[in-house]
Amino acid sequence: MTGPRSIFDVAGRAMSAQLVRMNTTASNLANAGGVAGSEAGAYRSIKPVFRTSYDQASGLATVDVQQVVTAGPAPTRRHDPSHPLANADGDVFDAAVDETRELVDMMETARNYQNNVEVLQTAKSLILDTLKLGR
């Protein structure tokens, strides 16, 4: 980024990162309970990898999403020969999604997003109050 960062840029970028986190969590929850005929075809949880960005000029740091990766345990093999997706051995593979963990992540993400909204609102109020002093 060129030029020093402002609090609006820091909070906006943090909100954008939390939005990616919320979308990956929603994707994980949407795929919970999914079944596939092979381990490779089974859904695995995805998580964003964050990278801190520090701006020397302003002394402010923020976060960016570096990438989204597959994370967590391998899909669970279950013997169910009557399942239409069962492989030749009669096994199916359940999606590797820990629904409880995903729900906790979703609540934490929503709180982090809301905290950044409050930072933006406070900064806006302070700027407006400062402008009123100049009148």
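This is a predicted model: local features need pLDDT of at least 70, side-chain atom pairs count only at pLDDT 80 or more; totals for chains, interfaces and linings use all residues.
Local features need pLDDT of at least 70 and side-chain atom pairs count only at pLDDT 80 or more, while totals for chains, interfaces and linings use all residues. Residues are numbered from 1 along each chain as its sequence is written, and side-chain values use heavy atoms, with hydrogens and water left out.

Helices (H or I, at least four residues) and strands (E, at least two) are DSSP runs, numbered from the N terminus. Helix H1 covers residues 7-31 and helix H2 residues 99-133; their axes come within 9 Å and cross at roughly 160°. Axes here are lines fitted to C-alpha atoms over the stretch in contact, and angles run from 0 to 180 degrees between N-to-C directions. The crossing therefore makes H1 roughly antiparallel to H2 (the term is used for angles over 145 degrees). The contact of H1 with H2 has 17 nonpolar, six polar and six charged residues. In this grouping Ala, Val, Leu, Ile, Met, Phe, Trp, Tyr, Cys and Pro are nonpolar, Asp, Glu, Lys and Arg are charged, and the others, Gly among them, are polar.

Strands pair if DSSP finds at least two bridges between them. Strand E2 (residues 46-54) pairs with strand E3 (residues 61-70) in the antiparallel sense over nine bridges. Serine 53 has threonine 62 in E3 as its bridge partner. Six residues lie between the two strands of this hairpin, where glycine 59 takes a positive phi near 80°.

A further three strands form an open, antiparallel sheet in the order E1-E5-E4. E1 (35-36) and E4 (76-79) are the edge strands, each with a single partner strand, so one side of each has no neighbour in the sheet. E4 is joined to strand E5 (residues 91-94) by four antiparallel bridges, and threonine 76 has aspartate 94 in E5 as its bridge partner.

The residues that line the largest pocket include Ser45, Lys47, Gly72, Pro73, Asp98, Arg101 and Glu102. By class, the lining divides into four nonpolar, two polar and four charged residues.

Definitions and conventions:
Angles under 35 degrees count as roughly parallel, over 145 as roughly antiparallel, 65 to 115 as roughly perpendicular and the rest as oblique. On a 1 Å grid over the protein atoms alone, a cavity is a set of points where a 1.4 Å probe fits but cannot get out, and a pocket is an open set with protein on both sides within 12 Å along at least five of seven lines; lining residues have an atom within 4 Å of a point.
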